[in-house]
Each structure stands twice: as C-alpha cells, then as structure tokens.
Amino acid sequence: MRMFRSLHIPTEWVWLESVAVVSAAVLFALIAHWLTMRIAGHAQRRTTAKTDGLVLARVRRPLRAVFVAVSVAFVARVLPMDNDVEDLWKQLLGFLVPALLGWLAVAALRAFQDVIEIRADISVEDNLRARRKRTRAAILGRIGTFFIIFITVCLMLLSVPGIRSIGVTLMASAGIAGLVVGAAAQPALKNLIAGVQMAFTEPIRIDDVLIVDGEWGRVEQINLTFVVIKIWDERRLVVPVSKFLEQSFQNWTRETSQLMGSVFWYLDPSTDVPRLREKLGEIITANPRWDKRFYNLQVTDVKADCIELRGLMTAKDAAIAFDLRCDVREAVLKYIRDEMPEAMPRGRLLMAADPVGCSSI
C-alpha cells in the first residue's frame, strides 16, 4: 500500500496533485525535447551536410511524443492511484510506448531513405552507382518498415495479460497456422521472398531501361511484391517481382547507361556503299546526340532484289540512342532521295529469248 493511500487526503486534492505531477512531467519532457533539438540543430548548422536537417525534420514529432510518454510513465510510479486505475494506466502505457517507439523507428528509417535519395543523384550522366543505392534503400526500407510494424504490434499485444497467458497455445498452433497461411498466400509470399532476394542480387534498379513483354520503359518504382515500369508513351506496366527472377527480360542499363543503336536500310545491289559510308560518317559526327565512341556501316545481308545495310552508332543512354537512330535514318533517306536515287531498290525482270515461231504471233 502506497503512502498516499494511508493518509486521509481529500479526493479532489489527490486528483489535483496527480494532474500537477503529470503536467510537470510533460513540461519537463517538452523542455528536454526542445533542448535536444536545439543542440542537434546547432550541430547540424556547423556541418556542410544538408541531409542532417532532413533527419531532424523526420524524427522531430515522434521524438517529442516519445519524450512525453517516457516522462509520464516514469512519474506514474509515484502517483496515488487505485488498483483499477493503476491497471488501466499500465495497460495504456503498454500500448502507447511501443507504438511511439515504432513510430520513431519508422521515421528514422524513412529519414535514412531520404538521405540516400539525396546523395544518390540519378540525374548525372553516369548514374549506375546512384541507381544501385536508391534501389537497395527502397527495397530494404520497405522490408525494415514491415518488420518494425510487426515487432511494434507484438510488443503492444504482449502488454495484454490474456495474450501472455495463452502464448504457449498460440506457439504450439503457430506451425499449423503457418502452413495454412503459407498455402493460401503462396503467390504473395513468393513475390515477397523474391523482393528480398532482388535487393541483393539486383537484376534491376531504379531508372533501369527494360524491355518486358515487348514493352520498352524505365523502372519507376520497386516494391516488395511488384515493379512499376513507366513505358515510353506514359503508360505504366505493373510486373510481379518474381517474374524478374524466373523469366528472361532485356536490361539495357545493367552495367552502364551507354548503348549502341542500329539502323537498317534495304537498297539496290548497285549502291555505292563506300560513298554512302562516308556520308553516314558526316551525318553521325554532326549530330550532337552521338557520344563520339563508335559508328560504322556494313553490308549485313544480300537478298533477291536488295542488299541489307546496317549502321551502328553509340549514345550515352537508351533514350538518346533512340533519337539518334531516328535522326540518322531520316538523314540517310533524304540523302539517297536527293543525291543517290540509283540506290533505291527496284524490281528486275529477266526476259528469256523468244522461242522459235513466237515472233510471228
């Protein structure tokens, strides 16, 4: 029995005293939080990193709530309360403190993701390492958020005495329940495990250029169970994560964003190929989209009425390579029309000699 219960103090005074103690605890927590933020902000202004302010902005509100909850939980031990009120208070704190700590952990994790996104700039020319960091941060951040919420809910439920008393029964039935849930949610679990695996194997990354199901696009978002691909015409292709581990697809930016493009022409066999090769060089070298690495023109096939010419040219990424190919294709066709009309393919008919007697018909 507490000291306050042994004294005959009016109930009104006891409640006033409790309110005053709790108010003082909340005020102390707010002051402590304000001082902590002031010190952290002062330290952040002395550094050159711009990401520290981002972290402080993310954790400011949940940290304030944690300060208040911990302070109130500490002073609650000395408050005069009946057994029923004390049990209710403990139950409330048992739910509130884990929830606030989970909120703080999620905020800190998202602040870490924001820092990674700022430092990993994918707008630069060589953005392979930046895209790799962003992809890992996005996937691992979602995995971490899932586990933080899961652990937070478990801690909140453990504060209920009834759940603790039947814990052994739940653990005994967890194996059977796990098999049933696993069988029912096999596609979802399959994609979830594939998402975790993809975070480390990295078959794709944010802003990778892919060809999936015959569609050309960039990886816009990577979730735990699906990937969103922004197609060139502004459509969105949603693909399950497991597909990138089980089926083939084209990744044009797996090692580097530089790419080689090709253009084909079908011309007359009498075409002056060296002359056209020289003109192609002039067209490519004058185009600002060419990255000055490589180009050539070769006869790659001979057909019945034409020859196949293939022009190769390089660019710094897939989008620019596509535009470069279109420019070169159009310029070469214009040159053939204006300067080399003899290169246009034409049909040929070989007339056999007239048989004897046909001339009299």
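The model is predicted, so local features need pLDDT of at least 70 and side-chain atom pairs count only at pLDDT 80 or more, while totals for chains, interfaces and linings use all residues. Residues are numbered from 1 along each chain as its sequence is written, and side-chain values use heavy atoms, with hydrogens and water left out.

**Exercise 1. Find how many helices and strands the chain has, and what share of its residues is buried.**

Step 1: Let's start with the rule: helices (H or I, at least four residues) and strands (E, at least two) are DSSP runs, numbered from the N terminus.
Step 2: The chain has eleven helices and eight strands.
Step 3: Of the 361 residues, 35% are buried, where buried means under 20% relative accessible area, exposed over 50%, and partly exposed in between (1.4 Å probe, protein chains only).

**Exercise 2. Work out the strand order of the five-strand sheet and which strands stand at its edges.**

Step 1: Two strands pair if DSSP finds at least two bridges between them.
Step 2: The order is S4-S3-S2-S1-S5, in an open sheet with antiparallel pairing.
Step 3: Strand S4 (236-240) and strand S5 (250-251) are the edges; each has a single partner strand, so one side of each is left without a neighbour in the sheet.
Step 4: Now look at one pair: strand S3 (residues 226-231) is joined to S4 by five bridges, and Val227 has Val239 in S4 as its bridge partner.

**Exercise 3. Describe the three-strand sheet and the helices that lie across its strands.**

Step 1: This open sheet has the order S6-S8-S7 and antiparallel pairing.
Step 2: Its neighbouring strands are turned by 25 degrees against each other on average, direction ignored.
Step 3: Nine bridges pair S6 with strand S8 (residues 307-315); Tyr266 has Glu308 in S8 as its bridge partner.
Step 4: Helix H10 (residues 273-285) lies across S6, S7 and S8, at about 140 degrees to S7. Helix H11 (residues 318-339) lies across S6 and S8, at about 25 degrees to S6.
Step 5: For these angles, axes are lines fitted to C-alpha atoms, for helices over the stretch in contact (heavy atoms within 4.5 Å), and angles run from 0 to 180 degrees between N-to-C directions.

**Exercise 4. Decide whether Phe147 is buried, partly exposed or exposed.**

Step 1: Phe147 is found in helix H5 (residues 128-158).
Step 2: Its relative accessibility is 46%, so Phe147 counts as partly exposed. Well done!
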